[in-house]
Amino acid sequence: MPTVSPPRPTLVFVAPWECSRAVAQLPRTPDPDQVVLFLESVAKGASLPWHRQKLVLLLSAMRHFAEALEAGGYRVLFRNAASYAEGLADAAAEVGAGRVVATEGREQDMVEELARAEALLGAQGVPLELRPDRGFLATRADFAAWAAGKKELRMEWFYRTMRRQHGVLLEADGTPSGGAWNFDPDNRKPWPKGRAVPPVWRVEPDAVTRAQMARVARWKHRWGSVDAFGLPVTRPDAKAWLARFVAERLPEFGPYEDAMVHGAPDLLHSTLSSLLNVGLLHPREVVAAAEAAYRAGLVPIASAEGFVRQVLGWREYIRGMYWHLMPGLRTANALEAPLGLPRWFWAPDGEAYGPHPARADAACGMRCLADTIRQVRDHGRVHHIARLMVQGNIATLLGVEPAALSRWFWCGFTDAYEWVELPNVMGMATWGDGGALASKPYVASGAYVNRMSDYCGRCRYDVKQRTGPDACPVNLLYWDFLDRHRERFAGHPRMRMMLKHLDGFGEGELAQLRREAAAFRAAVPVDADYTAGGADVPAR
Ligand code: SF4
């Protein structure tokens, strides 16, 4: 009798950002010939000083998903490995896999890890099959087809294409709901004076999450505390979070999406990006929930459209642009900004961080910048206008090297991965990409911060002044920025008015502006780069 070998199982790798069946490459019901693999990579965990709450989100969501799959009858392997590549090869050998299935790398590092894994698996005679990423509505090929032959790749045109392709917020005749594609001009109100700030939402951590919080709290060379962690880490909790957002915050989200208030990381924002980007939700269901609320008359069009634009437009576009512009995007620095990242970004109050001791004289005196960084340190997030118009704006005005700022965003935010933060920083915030993504840098003076926030009234600086000992540094640096880059932006229609205003400055004031801005920049505390990473992550 010939011996029949048992079938060799297929090993299905679930990446850490594929933490539900809405995104992972898994069948609806368990396949007895499949083993589902989860990996913690020590190399990845040690590669940057990640925010501890970001690590807790990933580590806890992976564990909960693995437990849910096991309870549903799937065969699950959960391993801690030196790297993803080594982990995949070791796991394949452990289960005697006939082939390995994984999602194409979502960002450059993962592409390289999967290429290494393919070589290691090849040596075992095991093929690696890569499948398109299920965490987006547009594939990379869709974006490439849209971008082909276009001179300008503006988000607004991609967004309209996506609305048409997916039939979102459209009327029967194909026109946009509400009579316009974009209601951004309606969405620029400051937070009303005296109105209470909504609380920061929190899901009480369970035993699994608390164990990861305790584990990560011990790791050195990481940023932030775990104490305030309260994001959903399971699919049911993520769906409940979405439903609560649609019911409680979405109706007024639009008008106040650009408002900033001291001590409030979210205001009416959803924080759904952290859940989408770890795979607990799928963008299709998030967009559908917003549209359904609009159709039911529960949410005005300006709010529904503003929110849909973030998910269906911006998120998909940014991911497409990442691949369109890589690998050069990592080192882009069109404005030749030379400064290292100010220590304020890690230690807004002059506190100790990583290898650096406390220095009270190095506290950030700018109330807007210090507060928004405290929100990131304490919560692993702050909403998009604080990121763009305070943190990104001030870093750009100072002349911070875009790559240094980019690594900070990557480390510090629970929703940040290179595919999303890099194009945002290089394209929107710093103009490091030289205009591939946005036609001009998103820079503004203190007047913008004053209009959209409650920061300036109690700041030690005077937002009405642009030079002198009490002048708002955002003003000082803004006019100095325009002066330094005057020639480069002279022909830009949207910068013409501000440059004309600069032309009205007398020689004496210009000289004072240049002198004071240079002195301010020279006094910015910059420590040795904290993003070099460290190897102090315990293996388990
Ligand atoms: Fe920021 Fe200037 Fe306002 Fe102070 S005065 S909070 S530095 S914009």
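Me: Which domains is the protein chain divided into?
Reply: The chain is divided into domain 1 (10-131), domain 2 (140-198 + 249-325) and domain 3 (334-523), with bounds from an automatic or database domain assignment. This is a predicted model, in which local features need pLDDT of at least 70, side-chain atom pairs count only at pLDDT 80 or more, and totals for chains, interfaces and linings use all residues. Residues are numbered from 1 along each chain as its sequence is written, and side-chain values use heavy atoms, with hydrogens and water left out.

Me: How many residues do domain 2 and domain 3 bring to their contact?
Reply: Domain 2 gives 30 residues and domain 3 gives 34 residues, where contact means heavy atoms within 4.5 Å.

Me: What area do domain 2 and domain 3 bury between them?
Reply: They bury about 2700 Å², 60% of it on carbon and sulfur atoms. Buried area is the accessible area (1.4 Å probe) that two parts lose on being put together, summed over both.

Me: How many salt bridges does the rule find across that interface?
Reply: The rule finds 1 salt bridge across the interface of domain 2 and domain 3, defined as a side-chain nitrogen of Lys or Arg within 4 Å of a carboxyl oxygen of Asp or Glu.

Me: Switching to helices, at what angle do the axes of helix 17 and helix 18 cross?
Reply: The axes of helix 17 (residues 473-484) and helix 18 (residues 496-503) cross at roughly 95° and come within 10 Å. Axes are lines fitted to C-alpha atoms, for helices over the stretch in contact, and angles run from 0 to 180 degrees between N-to-C directions. Helices are DSSP runs (H or I, at least four residues), numbered from the N terminus.

Methods:
Helices (H or I, at least four residues) and strands (E, at least two) are DSSP runs, numbered from the N terminus.
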